[in-house]
Each structure stands twice: as structure tokens, then as C-alpha cells.
Amino acid sequence: MSDPVLQVRDLKKHFPVRTGVLSRVTNHVKAVDGLTFDIMPGETFALVGESGCGKSTTGRTILRLTGATGGQVLYNGEDVLGAAGERMRKLRKEMQIVFQDPYSALNPRMTVGAAIGEILRVHGIATGTGARERVEEVLVRCGLEPYHFDRYPHEFSGGQRQRVVIARALALDPRFIVADEPISALDVSIQSQIINLLEDLQDSFNLTYLFISHDLGVVRHMADRVGVMYLGKLVEVADKREFYREPLHPYSQALLSAIPVSDPAVKKKRIILKGDVPSPANPPAGCPFHTRCPKVMDVCRSVVPELKSTPSGHQVACHLIHPPR
Ligand code: SF4
């Protein structure tokens, strides 16, 4: 068995909350609070959960687009959070991101060719004619035309812009891509085209994806393994088939019960969660989900459940599955 491409260990990202005229730090928002997981070569690992659960912050912290508060990220065994200089430049080339909103991800004053060409120049890959050839090559590979090199972002449709964003990530020949809600800003009619493109590129270039999404229907199609986040923590990690067949965490069960079923003969009971997600600045004691859990027990209000594996390798943080001793 090969080694993981990415190893995330106890990753934390806490944002300070400042109050008063002196802007004193009075609290912290624990957006990412102790995540540990691996991603294998060529795998798509999906992070799912409601908005605000810390999925996007996790992706950005792994790529060092925002600084980590603690923990470790290893990319092919190399320490990402501690890398500097040439080593960091090499890591940045291999680890790319596709953002959710293709409208704000592109500079409106630069042609697509100039924007992607600049990235190639900064990384010392190509300039001049060589850069033009490389940019046209990745545009075509992403379903665009060579003449799009000279176009500005406003001249593209939403789907085409996301293709440009993907081409920009692909230009540096990366191995690992964080796809942060890559289709949620697009019309439903073109979402599947972008999903097909991401899958096609993964097959062609043996890419590894961290796929961030709130859409469990898309994740079912796209992922190999699924990690469910709640209030900055992973509450369940499982192989996709096992996760959709038998989710173990009550939060995952509620999320999956909300997916529409196409067959009217299949009756599915929707689990409606009560209340809102608590503030990550003031998370509940014990199990972070206990304020909304339909199966809450006394122990859940005081003892934090650890993310532990079942014999089949299905990880879950719940006292129902792993009763405290
Ligand atoms: Fe629900 Fe308790 Fe399990 Fe938390 S530990 S998910 S509150 S049953």
C-alpha cells in the first residue's frame, strides 16, 4: 500500500475575537479544532458539513493561505506549515486550489492569458512564447479554445470562468488540488460538466483532491471517502459506500436524510434537527452536537467523544458507537 499524499495531524485554526476600545482578545473562534486525517494518492477525500463548520478554513489552512494555530500538515512527508523559501515555492506549485466563486477568483483587469502566464513566470516555468503555448494547452485541456487567451473574465459565462480557474490551477502541473465548493456558484445545468472535467483531469494526471462541499448528492458521485465536520471537528470519516449505506453519527444520519430520493417507492424518514449550529466561539461542553442530537444521553453533555475506528475502519465520534468506560 502506498503512503498518503497528505497527512493532517491535530490541525487547528482559531481566530481571535477582539472587543472593547483596546481591542483586547477576549475569546477565540475555533474554526478548525484538532483535525486528523490522511489522503491517499489519486483519492478524492470529501469534507462535508453545514456552512460555517470549518470546511473551507481547513482547505485554506492546509495550503497556508491562512496561518495555522497548531498541528501539522505533511505533503509527501514534507512539513508544509514549517516550509520556507524554495521548498515552499515548490510546495505551492504542487498544491493548488479551485475556489467556489469564479467571478471573484479572477482579476477583471487582466486577460486570462496574462493572468495564467504571470503565474508561470513567477514559478520560473515559462515566459514569452513558451508561456503562451502552455496557457493555450491548459485552456484547451479544460474545454476552452486557444483564442480565449486574449479574453477578459467578463467575456466568459460562469461555467467557462470556472474552467479558466481550473486551467489556472492546472498550469503549474500540480499533484494535489483543494476544490472548495467548485460548483456551488454555478447554474445547475452546468454543474455536471465541471464535475466531469474534474474527474477527467484526475484520471489523466493522477490528481489527488480534497473536495469541499455541502452537497451530499455531488459528494456521493465524486468522493472515495467522506469526512463529516461539525463545529470545527471531524465527527465521522468513512469509505463512501459505507458512509451512504450506514452512516453512524446522528449528525450524518440527519444530513443524509435530507437528500431527495428519485424513486417514489422508497420511503425515507427526514430527520429534522432542532435549533441552530452553536457558535464556534462558544461551543457546548461534551459532545459538540449534543444540543441538537435526537439521541442525546446524559454522558454526552460532559464527556467529549473521541473519533475512533470501528473494526471495519469506519471512524466516528459518538458515545452510542464507542460507549465511554
Ligand atoms: Fe449524540 Fe451523544 Fe453521539 Fe453526540 S455523543 S452524537 S450527543 S449520541
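Two strands pair if DSSP finds at least two bridges between them. Strands (E, at least two residues) and helices (H or I, at least four) are DSSP runs, numbered from the N terminus.

The model shown in every view is predicted, with local features requiring pLDDT of at least 70 and side-chain atom pairs counted only at pLDDT 80 or more, while totals for chains, interfaces and linings use all residues. Residue numbers start from 1 along each chain as its sequence is written, and side-chain values use heavy atoms, with hydrogens and water left out.

**View 1. Strands β1, β4 and β5.** Strands β4 (residues 70–75) and β5 (residues 78–79) pair in the antiparallel sense over 2 bridges. Strand β1 (residues 6–19) runs antiparallel to β4 and is joined to β4 by 5 bridges. L6 has Y75 of β4 as its bridge partner.

View 2. Strands of a sheet pair through backbone hydrogen bonds, either parallel or antiparallel. The order in this open sheet is β6-β7-β8-β3-β9-β10-β12-β11, and the pairing is mixed. β6 (95–98) and β11 (308–309) are the edge strands; each has a single partner strand, so one side of each has no neighbour in the sheet. Strand β3 (residues 44–48) runs parallel to strand β8 (residues 208–212), and 4 bridges join the two. T44 has Y209 of β8 as its bridge partner. Helix α7 (residues 188–205) lies across β3 and β8, at about 155° to β8. Such angles run from 0 to 180 degrees between N-to-C directions, and the axes are lines fitted to C-alpha atoms, for helices over the stretch in contact.

View 3. G42 is in the loop between β2 (24–39) and β3. Its relative accessible area is 25%, and G42 is partly exposed. Accessibility is assigned with a 1.4 Å probe on protein chains only: buried means under 20% relative accessible area, exposed over 50%, and partly exposed in between. Leaving aside residues up to four places away in sequence, G42 touches Q202, N206, L207, T208 and D224. Contact means heavy atoms within 4.5 Å. From C-alpha to C-alpha, G42 and L197 are 15 Å apart in space, and they are 155 residues apart in sequence.

**View 4. Packing of helices α4 and α5.** Two packed helices are described by the angle between their axes and the distance between the axes. Helix α4 (residues 112–122) packs on helix α5 (residues 128–141) at an angle of about 115°, and the axes are 9 Å apart. That makes α4 roughly perpendicular to α5, where angles under 35 degrees count as roughly parallel, over 145 as roughly antiparallel, 65 to 115 as roughly perpendicular and the rest as oblique. The crossing of the two helices α4 and α5 is right-handed, that is, the near helix is turned clockwise from the far one by less than a right angle, the left-handed case being anticlockwise. V112, G113, I116, G117 and L120 of α4 meet A131, R134, V135 and L139 of α5 in the contact. The contact of α4 with α5 holds 6 nonpolar, 2 polar and 1 charged residues. Ala, Val, Leu, Ile, Met, Phe, Trp, Tyr, Cys and Pro count as nonpolar, Asp, Glu, Lys and Arg as charged, and the others, Gly among them, as polar. The buried residues V112, G113, A115, I116, G117 and L120 lie in α4, and their cover includes α5 and α6 (158–170). G124, which follows α4, has a positive phi near 65°.

View 5. Helix α1 (residues 55–62) has 6 of its 8 residues buried, so α1 is largely enclosed by the rest of the structure. K55, T57, T58, G59, T61 and I62 are buried in α1. R64 follows α1 with a positive phi near 65°. Helix α10 (residues 250–257) is mostly covered, with 8 of its 8 residues buried. The cover of α10 includes α8 (216–222), β9 (225–230), β10 (233–239) and α9 (240–245). α10 lies across β9 and β10, at about 105° to β9.

**View 6. Surroundings of H290.** H290 sits in the loop between α10 and β11. With 13% relative accessibility, H290 counts as buried. P284, A285, V296, C300 and R301 are touched by H290, not counting residues up to four places away in sequence.
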